[in-house]
Amino acid sequence: MDTKRKNNKAWFLVAPVVFVVAFTAIVPLMAVANYSLQDIQGFDNRLFVGLDFFKLVATDPNIQNAFMRNLWLSAQVLLIQIPLGIFIARLMPRSGWKASAALVVVAIPLIIPWNVIGTTWQIFTRSDIGLGGVLANLFFEYNTTASPFDAWVTVIIMDTWHWTPLVALLVYAGLRSIPQAYYQAAAIDSASPMAIFRFVELPKLRRVLLIAILLRFMDSFMLYTEPFVVTGGGPGDSTTTLSILLTTIAVGQFDVGVAGAFSLMYFLFIQIFSFIFFTVLTIDERPGATKVTKPKKKLFAKAGGAANDN
Amino acid sequence: MTTKTELTAAGKKRSSFFDFRSWLFWLIMAVWALPVVWLVSMSFRDNADILSEFAVIPTSISLNGYMEFFSDRSWIGSYMNSVTYTLLNTVMSLVVALPAAYAFSRYTFSGDKHLFFWLLTNRMAPAAVFLLPFFQFYQSLDLFDTPFGVALAHMLFNVPLAVWILEGFMSGVPKQLDEIAEIDGYKFGRFFLTIFIPMIRSGIGVTAFFLFMFSWVELLIARTITATSAKPIAAQMTRTISASGIDWSLLSAAGVMTIIPGVIVIWFVRNYIAKGFALGRV
């Protein structure tokens, strides 16, 4: 392995990116911080209120409920989409035109604008004109505008429909990078399909699965457009995510102080989470890091020379 | 990789017509396709037909939705707005991300790890946080309601993504290439533009696809910093829903129209999609 050269002139190459992101991220965030510390009544009439808005946000029952609801949503999203994504990825054809076709078909939900996803599901689940809604009503009462439970389930199913393909594609990429020799070695050992998954595939998928969990957690934690179009956050506030609530406070009520404090706390929570994930994700790349590869070594030893092509 | 002797995940040869796993996969995909198929079927019926009878297979076909879409300036205009700022964003993001990704893949420099993490956190930032300041900031800079303004705002999450994906692809090119070029007397700029960039063109293609896609699907920011003259197609759709009943036929037709560009682009990069989704780092 060749090592990277230390060269601080590289900062010149990075400068445009730093400038652009500073313009689009830091300046607005400073404005947010500014809002959160002052009560702005008019152009010349502003009062420094310190952390009052933060206390208000931290004790507001609506925001607390939305936070718990959103955590619960993310947990359900991960529990359903990660196993389902792995399942679908393992079924996907690996070669020939079928593999290309499968990739395109699987990826389609990902390229549909988010509000069109909402529109599609709104049409699909309506009990008068939607295929899904009409079919569901044959078996049980189903109405997303009246029943909070139905609305919640619809949001979960819609999100699963929208984002499981992302998990499937990531896992598919991970599976394709596993050398055939590993499978041959497992076949010689006459390992069961479960054992192959547990000891050959899962260790190799660790990295892509971490990326998948990170992306799915983040994106479900800032879910806005799809539930907004389908349920509008209702009935009541049963499907109001943190982003929907924040947008209502910021743009709807124009309550900039509360919105500013809310934004900063929201942002901070996400940053802490990404930091933990980023640390876990890059832990293998540090000098002196040890990799746990015990089960693989066992297969290696039996497969003999076949393992050399890795 | 030879296809004749290839083994599947289960370790057995699969060549028979009745391949259970393959059938199961396409069955799942058929169920997956239902909502979109339903949208397409709605787009080819007119409103009276949609509301009067529930039919799994449409009994009469009508192009009213599409006719309305293509004859109304505000629909076509907003569609073109979306295409414009999406393309602008793709080009602008690539231009700034290419040198940065090169720096991250080739050199260590003071604060590089922190900078990389900081860039990534912007990809993870909730768009809702930026609404209010963007709204005021872009108005005060006269960027409000312009395609350029939206393209700039979308760089918030697209530039970090581009740097991340490109860095992965660039790290796959051996560093010896750079050293040989330097020995041969290439100046950095010439080497970068005439040798290095052509070498990673597939990576650039994939990155462009992701930039296009994430800018195309975003609604919240684009809607907030536009009013009329740069209104995205997505906002046009949500604003029409509330007006005197819902024009299901037109709405479905517009929905189908927004899916088409993505399908075309996805076909070109199908073999790299999965790699790009793992951000070039599988």
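So, confidence in chain B to start with: this is a predicted model, and chain B averages a pLDDT of 80, with 87% of its residues scoring at least 70. One stretch to be careful with is residues 1-14 of chain B, where the pLDDT is below 50. That stretch still has 17 contacts in the model beyond near neighbours in sequence. Where pLDDT is low, though, the predicted coordinates should not be read in detail. If you go element by element in chain B, helix H4, residues 73-106, comes out with the highest mean pLDDT, at 90. At the other end you've got helix H14, residues 270-277, which has the lowest mean, 65. For the complex, the predictor gives an ipTM of 0.80 and a pTM of 0.82.

OK, on to the interface. We have 85 residues of chain A in contact with 88 residues of chain B. Which helix gives the most to chain A's side of that? That's helix H1 of chain A, residues 10-37, with 14 residues. As for the make-up of that side, the chain A residues split into 60 nonpolar, 19 polar and six charged.

There's also some strand pairing between the chains. Strand E1 of chain A, residues 5-6, pairs with strand E1 of chain B, residues 107-108, in the parallel sense, over two bridges. If you want to find it on the screen, look for A:Lys6, which stands opposite B:Thr108.

Now the domains. The assignment for chain B gives domain 1 as 20-62 and domain 2 as 71-277, and their C-alpha centres lie 32 Å apart. Their contact takes eight residues from domain 1 and seven residues from domain 2. On the domain 1 side, helix H1 (20-43) and helix H2 (47-52) of chain B each supply at least two residues, and H1(B) gives the most, with four residues. By class, that side has four nonpolar, two polar and two charged residues.

The largest nonpolar core has 152 residues, and the ones with the most contacts inside it are A:Val171, B:Ala97, B:Ala100 and B:Val163. Helix H7 of chain B, residues 147-171, brings the largest share, 16 residues. Both domains of chain B are in there too, with at least three residues from each.

Take B:Val163 as a close-up. Setting aside residues up to four places away in sequence, B:Val163 touches A:Val17 from the other chain, plus B:Ala97, B:Ala100, B:Ala101, B:Phe104 and B:Leu119.

Notes. Residues numbered from 1 in each chain as written. Chains lettered and ligands numbered in written order. Predicted model: local features only at pLDDT ≥ 70, side-chain atom pairs only at ≥ 80, totals over all residues. pLDDT = per-residue confidence, 0-100. Contact = placed C-beta atoms within 7 Å. Nonpolar A, V, L, I, M, F, W, Y, C, P; charged D, E, K, R; others polar. Pairing = 2+ DSSP bridges. Domains from an automatic or database assignment. Core = buried A, V, L, I, M, F, W, Y, C linked by C-beta atoms within 7 Å. Buried ≥ 20, exposed ≤ 12 C-beta atoms within 10 Å, placed from the backbone.
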